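Work through the exercises below with the structure open beside you, and try each task before reading its solution.

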Amino acid sequence: MEWTSKSLPYLTARPPGAADAWTEEAAEAGRRGSQRILHAGETAAPAAVAAMLGLAAGSTVVVRRRVIELDGEPTELTDTYYPPDIAAGTPLAGTAKIRGGAVTLLAALGHIGVRVVEDVTALMPLDEEREQLRLGAGEPVLRLARTTYDAADRPVQADVMLMPAGRQQLRYEIRLGPSRPG
């Protein structure tokens, strides 16, 4: 595997002045993580995203569409969606990089995630996705769909990520209940 992806660093706000989680995680591995924002703004929610956010299909949402790169090579396509009452008129609706990342900005806006649901599936990419990820014919992708909920159990963010299956490993470490000294 070229990269092992962990979800936890991307679910909590960063300390003031810190880089985004991807830049920091890649740097800790001696690599360079970056992202290109292809589009940001309001759009009609695809049916699956509307369901993730508890909205009617076709409802207006704010999206940030990005290509995530590792050492200058595309490693993930990520579309992040927000309810418009949370994101419209904020930097989440713009193409500028957000210092500390979107989760940090969401927390500053009063939207702190406390529960996350992730669904992972394998599928064949569309032609455009294959080109963006520089995949050969017949190479599958992993699709990770993540919904983040706040303390009122309201969905505040929906991510749809596509990753080359042959270059990614997903790792989950789950701690249930309070930790106790050994």
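The value called pLDDT is the predictor's confidence in each residue, on a scale from 0 to 100, and it is needed here since this is a predicted model.

**Exercise 1. Find the mean pLDDT of the chain, and state which elements have the lowest and the highest mean pLDDT.**

Begin with the chain, whose mean pLDDT is 86, with 82% of its residues reaching 70 or more. Then turn to the elements, among which strand S1 (residues 3-6) has the lowest mean, 52, while H2 has the highest, 97. Where pLDDT is low, the predicted coordinates should not be read in detail.

**Exercise 2. Determine which residues form the largest nonpolar core, and which elements supply them.**

The first step is to list the members, which are the 11 residues Ala45, Val49, Ala50, Met52, Leu53, Val61, Val63, Tyr81, Ala145, Ala158 and Val160. The next step is to assign them to elements: at least two residues each come from helix H2 (47-53), strand S3 (60-70) and strand S7 (155-164), and H2 gives the largest share, with 4 residues.

**Exercise 3. Decide whether His111 is buried or exposed, and give its place in the chain.**

Locate His111 first, in the loop between helix H4 (102-108) and strand S5 (115-123). Its relative accessibility is 18%, and buried means under 20%, so His111 counts as buried. Apart from neighbours within four places in sequence, His111 is in contact with Ile86, Leu106, Arg154 and Val156.

**Exercise 4. Describe the second largest pocket by its volume, its lining and the elements that supply this lining.**

The volume of the second largest pocket is about 410 Å³. Its lining is made up of 21 residues, and those that lie nearest the centre are Arg65, Asp79, Glu129, Val160 and Leu162. At least two lining residues each come from H2, S3, strand S4 (73-82), helix H5 (127-133) and S7, with the largest share, 4 residues, supplied by S4. Val160, which also belongs to the largest nonpolar core, touches Asp79 and Tyr81, among others.

Definitions and conventions. Residues are numbered from 1 along each chain as its sequence is written. This is a predicted model: local features need pLDDT of at least 70, side-chain atom pairs count only at pLDDT 80 or more; totals for chains, interfaces and linings use all residues. Side-chain values use heavy atoms; hydrogens and water are left out. A nonpolar core is a set of buried Ala, Val, Leu, Ile, Met, Phe, Trp, Tyr and Cys residues joined through side-chain atoms within 4.5 Å. Buried means under 20% relative accessible area, exposed over 50%, partly exposed in between (1.4 Å probe, protein chains only). Contact means heavy atoms within 4.5 Å. On a 1 Å grid over the protein atoms alone, a cavity is a set of points where a 1.4 Å probe fits but cannot get out, and a pocket is an open set with protein on both sides within 12 Å along at least five of seven lines; lining residues have an atom within 4 Å of a point. Grid points are joined across faces, edges and corners, and a volume is the space filled by probe spheres set on the points.
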